[in-house]
Amino acid sequence: MADTERDPRPEPIAYDGPPDYRVVGRHGVYPETSHDEIARFNFLAQMNRHLSTKVMPGVAEAFEARIEPKRKTPYTTRHQVRKDLTKDPMFQWWSAMRRATMETRQQAGRWVTLRQAEALNEKVRELTEDDPRLVLDPDFKQPRSTDAIDHHCMPGSYHTELVPGDITGPANYDAGIFATTGGMLGRFNDGGGIAVAQWVQQNLPDFKPKRILDIGAGLGHNVLPIAQAFPDAEVIAVDAGAPMLRYGLARAKSMGIENVTFIQGDVSNLKDMFEDESFDWVQSTMFLHETSYKTMPMIFAETQRLLKPGGIVLHVEQPQYSDEMPLFEQAMRDWDAFYNNEPFWTKMHEVDLDAWMEKAGFSKDSLIHGGVAAVVDPEVFPEAAEDTEQEDYGRKAAWHVVGARKEG
Amino acid sequence: MSTDTLDPLKLAGSKAKGKRPWFFENPDTERVMNITLALMQEVAVMRERMDTIERLLERDGVVTREAIETFEPDKTQADERGYWMQEYIARCLRILQQDREAIARGKEASSEDVADEFAKVD
């Protein structure tokens with residue numbers, strides 16, 4: 001390239017970073033974003049990518065070179081590893097920047113939605129008012145698992161309404177997840193749900209669900225692809241957070257998805273809401289870590305009660321810790337538990353899920369195990385589509401599936 | 001419905017419920033780092049805006065605020081902008097790259113060590 005050209009650099013540009021935020025999918029209740037608000041999300045997506053690919057590997061290098069060698073006796077738990085990591089500057093800098101980037105992302109998304117709160121809330125009200133597919137419980141008491149701490153540093157978590165009918169929380173979640181993930185979940189953040197639907201269609205070709213329940217549905221971005229893949233099915237999305245459900249219905253309708261009903265409820269006890277054996281499929285996606293050691297067995301028992309004979313339950317989560325997983329990796333995967341307000345993340349990932357499923361009444365032979373990776377448009381997200389080897393402990397858009405098929 | 005209570009200036013930066021973890025021995029270091037990172041973000045925002053203005057001027061010869069707000073980079077342009085952002089972050093966080101390289105090299109002599117060595121007669 002000649003010196004006179006602007007911006008000289010190697011040609012062609014081998015760019016493999018996050019896509020520009022402008023490719024994000026915009027449904028009917030998506031918040032408007034100004035040029036500079038988009039630029040802010042672009043920066044945050046790039047910071048996240050830089051931290052996971054250029055800084056985080058330094059933590060492993062520091063661990064190998066100067067943390068583990070100082071240890072007098074071998075590590076026996078991941079918590080010992082983490083305590084030693086917290087004393088090392090590489091871990092401190094990576095963590096401080098990761099936390100700061102998360103907090104900054106929340107601020108950026110909240111600015112976008114709060115400045116247009118009135119218009120957004122009104123649009124969602126118009127789309128959901130008097131629609132029987134939104135069932136809220138004004139007397140609902142938030143379970144401790146959602147109320148104790150604001151999950152992933154999201155002020156107000158999933159349930160807070162700043163004014164009656166406020167949906168700025170879920171709109172912020174929806175608009176910002178593209179930046180947090182660098183677009184790895186696809187245009188509509190639905191790459192996980194698409195993967196689950198495809199997995200079921202491929203692995204259980206004879207399975208034709210008529211009634212599907214999504215537990216811990218949030219704003220429904222994981223269940224909408226399932227509703228689209230099974231358009232004749234009646235889909236019910238349950239969550240504790242009223243704003244999520246309200247926004248979720250408006251969002252689904254604006255995307256032309258009409259077969260989902262959003263109901264507020266505590267998924268550890270749905271006895272007053274649904275009869276025994278009333279669903280063909282019970283799904284949870286990245287939800288179990290938002291519950292607690294006390295409620296998870298209750299949730300598993302509920303799924304067993306709710307399934308029709310021959311029905312399936314699937315839980316999609318990040319991989320469980322096992323003896324085969326190095327303690328360093330376990331400690332790194334625990335980061336979100338201790339530093340990103342995901343308190344149950346750590347204990348949840350050491351649970352023997354198979355044993356818990358059996359305890360809930362599923363037989364050993366009926367258990368299902370699999371893996372899924374986000375299915376995204378390769379034109380826009382080439383890197384995500386080819387399932388790179390880059391690990392981002394706990395954040396990678398690839399998950400384990402644990403489930404069961406109820407006998408009968 | 002009034003949004004008087006929803007002042008974005010006040011609420012956008014709200015703290016999440018739950019005691020904040022601090023990673024540096026001196027929390028003030030972390031406060032300064034947070035402010036620096038926020039400034040880093042705003043410089044990136046200004047640069048993207050300038051890039052948009054330049055491209056609009058090249059394309060149209062004039063620029064309006066509406067054109068800035070609705071500008072959509074094509075794939076090549078978006079890649080160029082993304083690549084610039086990667087360069088920019090790598091420049092800002094150079095010291096951490098060098099920390100990693102120092103770990104990889106292991107024990108190194110300092111210039112002061114070498115100065116002493118070179119000053120020796122025999």
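Predicted model: local features only at pLDDT ≥ 70, side-chain atom pairs only at ≥ 80, totals over all residues.
Reader: OK, staying with α1(A), how does it pack with α3(A)?

Author: Helix α3 of chain A, residues 89–114, packs with α1(A) at an angle of about 165°, and the axes of the two helices lie 9 Å apart. Angles over 145 degrees count as roughly antiparallel, so α1(A) and α3(A) are roughly antiparallel to each other. Here, too, the crossing is left-handed, as α1(A) passes α3(A).

Reader: Which residues of α1(A) and α3(A) meet there?

Author: Among those in α1(A) are Phe41(A), Leu44(A), Met47(A), Leu51(A), Val55(A) and Val59(A), and among those they meet in α3(A) are Phe91(A), Trp94(A), Met97(A), Thr101(A) and Ala108(A). Taken by class, the residues of the contact of α1(A) with α3(A) are 14 nonpolar, four polar and four charged.

Reader: Zooming out, how many residues does each chain put into the contact between chain A and chain B?

Author: Chain B gives 48 residues to the contact and chain A gives 51. On the side of chain B that touches chain A, the elements that supply two or more residues are α1 (8–11), α2 (27–60), α3 (65–70), α4 (75–92) and α5 (94–105) of chain B.

Reader: Which of those gives the most?

Author: That is α2(B), which gives 11 residues to the side of chain B that touches chain A. By class, this side of chain B has 25 nonpolar, 11 polar and 12 charged residues.

Reader: What is chain B like as a whole, how many helices and strands?

Author: Chain B has six helices and zero strands. Its radius of gyration is 24 Å, whereas a compact globule of 122 residues would have one near 14 Å. Along the principal axes, the C-alpha atoms of chain B fill a box of roughly 80 × 45 × 20 Å, and 13% of the 122 residues of this chain count as buried.

Reader: And what about chain A, how many helices and strands there?

Author: Chain A contains 15 helices and eight strands. Its radius of gyration is 22 Å, close to the 22 Å that the globule rule gives for 408 residues, so chain A is as compact as a globular protein of that length. The box that its C-alpha atoms fill, taken along the principal axes, is roughly 65 × 55 × 40 Å, and buried residues make up 52% of the 408 residues in chain A. Among contacts in chain A between residues at least 6 apart in sequence, 82% join residues at least 24 apart.

Reader: Changing topic, is Gln283(A) buried or exposed?

Author: Gln283(A), which lies in strand β5 (residues 279–285) of chain A, is buried, with 29 other C-beta atoms within 10 Å. Setting aside neighbours within four places in sequence, Gln283(A) is in contact with Val196(A), Ile212(A), Asp214(A), Val223(A), Ile226(A) and Leu314(A).

Reader: One last thing, what is the phi of Cys153(A), and what is that of Asn189(A)?

Author: Most residues other than glycine have a negative phi. Cys153(A), however, has a positive phi of about 55° although it is not a glycine, and phi of Asn189(A) is near 50°, which is also positive. Cys153(A) sits in the loop between α5 (144–147) and α6 (168–181) of chain A, and Asn189(A) in the loop between α6 and α7 (191–203) of that chain.

How values were computed: Residues numbered from 1 in each chain as written. Chains lettered and ligands numbered in written order. Contact = placed C-beta atoms within 7 Å. Helix = DSSP H or I, 4+ residues; strand = E, 2+ residues; numbered from the N terminus. Nonpolar A, V, L, I, M, F, W, Y, C, P; charged D, E, K, R; others polar. Axes fitted to C-alpha atoms, helices over the stretch in contact; angles between N-to-C directions. Parallel < 35°, antiparallel > 145°, perpendicular 65-115°, else oblique. Left-handed = near helix turned anticlockwise from the far one by under 90°. Rg over C-alpha atoms; globule rule 2.2 N^0.38 Å. Buried ≥ 20, exposed ≤ 12 C-beta atoms within 10 Å, placed from the backbone.
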